[in-house]
Amino acid sequence: MCIFAKILGKKKNSITDHRFDLINLISIKVVFASLIILLLGQQFGGFSQIGELIIVSYSEWLGILIDGILLFSINWAIRREEKKRLFSQFGSESNAFALDATKQLRKKGWLNDGRLSGINLIHAQLQCANLSQSVLNNVDLSHANLNSANLVEADLRGSDLTAADLSNTECRWTDFRNANLRWANLEGAILDGARFEGADLRFAKLGDINENTVSFAGAKMSESLSEREVFIIQNSVSMIQKSMKGFSMEFYRELFKANPMVKALFIAKIEDQASKFAQFFELLISSLDNMEKIIPALKTLGKRHTNYGVKDYHYRVVGEALICTLKKSLGHHFDKELEQAWLKAFGLLTMIMQDSSRGLMLEPVMKGVSVAAYN
């Protein structure tokens, strides 16, 4: 190692600081240079005076080659472990660790060069962190605490920020395109110049926003049902209320016909299950104009269904069976407008159940969610 150390001079101490890329570059160049000289020595060793000189120092050049390979390997291992440690601290649930890692990542340039794209930062405690101009696209930041953080000009495209706390953050010119911000809290955030094209902002708490300085083109916003949609849905249920027991039984027949495997998820007798379904169904529909009343029950139901083994695709099967049963029960009254209203209502209710089963919902969930003015 002594010959290689002389070549590097003062840079031999760089292995302990942030200039790892420089060491890798030098070690690679030395390895290639020594390899070429060794090959030339073998090729011309017996035919020229230069070749003889090369052969005389063959062992020294071989030592340089080995030194270069060893240093590159050691440096690569150190970089890998340091990267692992810093990424772990960056996503830590300790704010002190996360802030310290943020400073080190910024010093190394890793915060801004895209190296952090796609990492897992669930529940990260990054409040007050300086993340300006950071590249964090496709990062999982669900449930992360970013309260009062600096996100100016940060790249968060495609990131998962469900239920994240972004309150009081500086988000000027931040790129949230195609990000998932459902149930996120952005109250008090400075959003001038922020881009939300294609983002999912359903049930996000946005507070007061100047719509002239923020781009919401193509974003999914409020999922609230209109008064007209609530009226026609509740009116359609009133038409089948007298035969609700029969409607419930027909629903389960359609469900089991569409997917016989679903039947294994039900422990109670189908008659008893149908009776429970009828009661809850009527309660749901009567509460569509006051969702806060029914959300706790939906949250409990969503978590219970997960324990029963219900998967996301089961909700789709249930929705198809429900629409089919409504068509049979309502006949010509089930027109296109009513079908679209039912599909929207079912999507809203199942989204709340699914999100609650994943622990994605903030409390209180329904305050400040209406952003229809920005649609």
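This is a predicted model. Begin by selecting Glu250, Arg253, Glu254, Lys257 and Lys328, which are linked in a network of salt bridges. Within this group, pick out Glu254 and Lys257, whose closest N and O atoms are 3.6 Å apart in a salt bridge. Both residues sit in helix H7 (residues 244–258), and because they are three residues apart there, about one helical turn separates them. Their surroundings can be told apart by colouring on accessibility. Glu254 counts as buried because its relative accessible area, 6%, is under 20%. Lys257 has a relative accessible area of 59% and counts as exposed, since the cut-off for that class is over 50%.

**Other salt bridges**

How many salt bridges does the structure hold? There are 15 salt bridges in the structure. Select Arg115 and Asp113 for another one, with an N to O distance of 3.0 Å. Arg115 is partly exposed at 26% relative accessibility, and Asp113 is partly exposed at 40%.

Next select Asp175 and Arg157. Their side chains meet in a salt bridge at 3.9 Å, N to O. This pair links distant parts of the chain: Asp175 and Arg157 are 18 residues apart, and each is in the loop between H5 and H6. Is Asp175 buried or exposed? Asp175 is buried, at 11% relative accessible area.

**The loop between H5 and H6**

Stay in this part of the chain and select Asn168. Asn168 lies in the loop between helix H5 (95–108) and helix H6 (227–240). Look at its backbone: phi is positive, about 60 degrees, although Asn168 is not a glycine. Most residues other than glycine have a negative phi. The relative accessibility of Asn168 is 44%, which makes it partly exposed.

Asn178 is the next selection, again in the loop between H5 and H6. Its phi is also a positive value, near 60 degrees, in a residue other than glycine. Asn178 is exposed, with 55% relative accessible area.

Asn145 and Leu166 are 21 residues apart in sequence, and their C-alpha atoms are 7.0 Å apart in space.

**A nonpolar surface patch**

Helix H2 (20–44) and helix H4 (58–90) each supply at least two residues of the patch. Which element gives the most to the nonpolar patch? H2 does, with three residues. From the other helix, select Phe72, which is in H4. Phe72 is partly exposed, with a relative accessible area of 30%.

**The largest pocket**

For the last stop, select Tyr252, Gln273, Phe277, Leu301 and His305. Of the 32 residues that line the largest pocket, these lie nearest its centre. Several elements give two or more residues to the lining: H7, helix H8 (270–286), helix H9 (291–308), helix H10 (312–330) and helix H11 (336–357). Colour these helices separately to follow the lining from one to the next. H8 gives the most to the lining, with seven residues.

The volume of the largest pocket is about 920 Å³. Rolling a probe the size of a water molecule over the atoms shows where empty space is left. Now colour the lining by residue class. There are 25 nonpolar residues in the lining of the largest pocket, along with five polar and two charged ones.

Conventions:
Residues are numbered from 1 along each chain as its sequence is written. This is a predicted model: local features need pLDDT of at least 70, side-chain atom pairs count only at pLDDT 80 or more; totals for chains, interfaces and linings use all residues. Side-chain values use heavy atoms; hydrogens and water are left out. Helices (H or I, at least four residues) and strands (E, at least two) are DSSP runs, numbered from the N terminus. Buried means under 20% relative accessible area, exposed over 50%, partly exposed in between (1.4 Å probe, protein chains only). A salt bridge is a side-chain nitrogen of Lys or Arg within 4 Å of a carboxyl oxygen of Asp or Glu. On a 1 Å grid over the protein atoms alone, a cavity is a set of points where a 1.4 Å probe fits but cannot get out, and a pocket is an open set with protein on both sides within 12 Å along at least five of seven lines; lining residues have an atom within 4 Å of a point. Grid points are joined across faces, edges and corners, and a volume is the space filled by probe spheres set on the points. Ala, Val, Leu, Ile, Met, Phe, Trp, Tyr, Cys and Pro count as nonpolar, Asp, Glu, Lys and Arg as charged, and the others, Gly among them, as polar.
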